[in-house]
Amino acid sequence: MRIRFTDLAIGKLANPKDGKERYWDELTPSFGLSVTKYAKSFIIFYGQPRRSKTIGKYPSISLADARKEAKRLLANQSTRKRSMTLSEAREAYLDECRERIRPATIRQYARCLGYLNTNPDIREIKRADLAPYLSIPHTTITWKTFFNWCIRNDLVDRNPIIGERIPKNTPRSRVLTSRELKAIWNY
């Protein structure tokens, strides 16, 4: 739906009970507002394969600042720099995930992506760099998803762990007995 963005008009937009709704500005092309149950975020569509980018959440970023950033991004037609460090890419990925994923999942992603302590250029990461961390199923899935996001955002040309099998969880060798659980509970 197209509306003329003003602070008053944005403030009046109701948050949907579930899903998300998108509204587009009448004045600035490709500039819109994504409204979810929890937040209102300024977005922009750009580039030849139409990609979206979140500019920021309303009211943390003002309408005037968001519109100015949208115009700048549209003028450049490139919202991502080609060379990005791992920590910059990780933060950009987590920022984008925060709009659509629960906070507990974001913490899990941040933990899994934080295992690699070095901060190389994202294009220089090899399978050997990640090999020590790929024995954990959730970590392997998180890295695969992260690199697929990097490909979609033109940060890397290929996923270094493509074809990596997701390891099976090993069953526990022992579980706590009722007596041990009771001792822990009463501690």
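This is a short talk about a few parts of one protein model, which is a predicted one.

Let me begin with strand β3, which runs over residues 31-36, and which is mostly covered, since six of its six residues are buried. If you follow the strand in the structure above, you will see that Phe 31, Leu 33 and Val 35 point one way, while Gly 32, Ser 34 and Thr 36 point the other way, and that both groups are buried.

What lies on either side of β3 in the pairing? On one side of the discussion is strand β2, residues 20-25, which pairs with β3 in the antiparallel sense over five bridges, and here Trp 24 has Gly 32 as its bridge partner. These two strands form a hairpin with five residues between them, and in that turn Ser 30 has a positive phi of about 65 degrees. For comparison, most residues other than glycine have a negative phi. The other partner is strand β4, residues 40-46, again antiparallel and again over five bridges, with Phe 42 in β4 as the bridge partner of Leu 33. The hairpin that joins β3 to β4 goes through three residues.

I would like to stay a moment with Thr 36, which is found in β3. Is Thr 36 buried or exposed? Its relative accessible area is 12%, and because buried means under 20%, Thr 36 counts as buried. Leaving aside neighbours within four places in sequence, Thr 36 is in contact with Asn 15, Pro 16, Gly 19, Lys 20 and Glu 99.

Now let us turn to the interior. In soluble globular proteins, nonpolar side chains tend to be buried together. In this model the largest nonpolar core has 24 residues, and those with the most contacts inside it are Tyr 93, Ile 122, Leu 130, Trp 143, Phe 146 and Phe 147. The elements that give two or more residues to this core are α3, α4 and α6, and the largest share, six residues, comes from α3. Trp 143 touches, among others, Leu 86, Cys 112 and Ile 161, not counting residues up to four places away in sequence. Apart from this core lies another, of 16 residues, which includes Ile 10, Phe 42, Ile 55 and Ala 66; you will remember Phe 42 as the partner of Leu 33.

Leu 176 is found in the loop between α6 and α7, and it is partly exposed, with a relative accessible area of 41%.

Next come the charged pairs, for which the count comes to seven salt bridges. Arg 72 forms one of them with Glu 69, the closest N and O atoms being 2.8 Å apart, and because these two residues are three apart in helix α2, they are separated by about one helical turn. Arg 98 and Asp 95 meet in a salt bridge at 2.7 Å, N to O, and they too lie three residues apart, in helix α3. In a further bridge, Asp 121 and Arg 123 have their closest N and O atoms 3.3 Å apart, where Asp 121 counts as buried at 14% relative accessibility, whereas Arg 123 counts as partly exposed at 41%.

Finally, please look at the peptide bond from Tyr 58 to Pro 59, which is cis, with omega near 10 degrees. Most peptide bonds are trans. Pro 59 is found in the loop between β5 and α2.

Terms used:
Residues numbered from 1 in each chain as written. Predicted model: local features only at pLDDT ≥ 70, side-chain atom pairs only at ≥ 80, totals over all residues. Heavy atoms only, no water. Helix = DSSP H or I, 4+ residues; strand = E, 2+ residues; numbered from the N terminus. Buried < 20%, exposed > 50% of the residue type's maximum accessible area, 1.4 Å probe, protein only. Contact = heavy atoms within 4.5 Å. Pairing = 2+ DSSP bridges. Core = buried A, V, L, I, M, F, W, Y, C linked by side-chain atoms within 4.5 Å. Salt bridge = Lys/Arg side-chain N within 4 Å of Asp/Glu carboxyl O.
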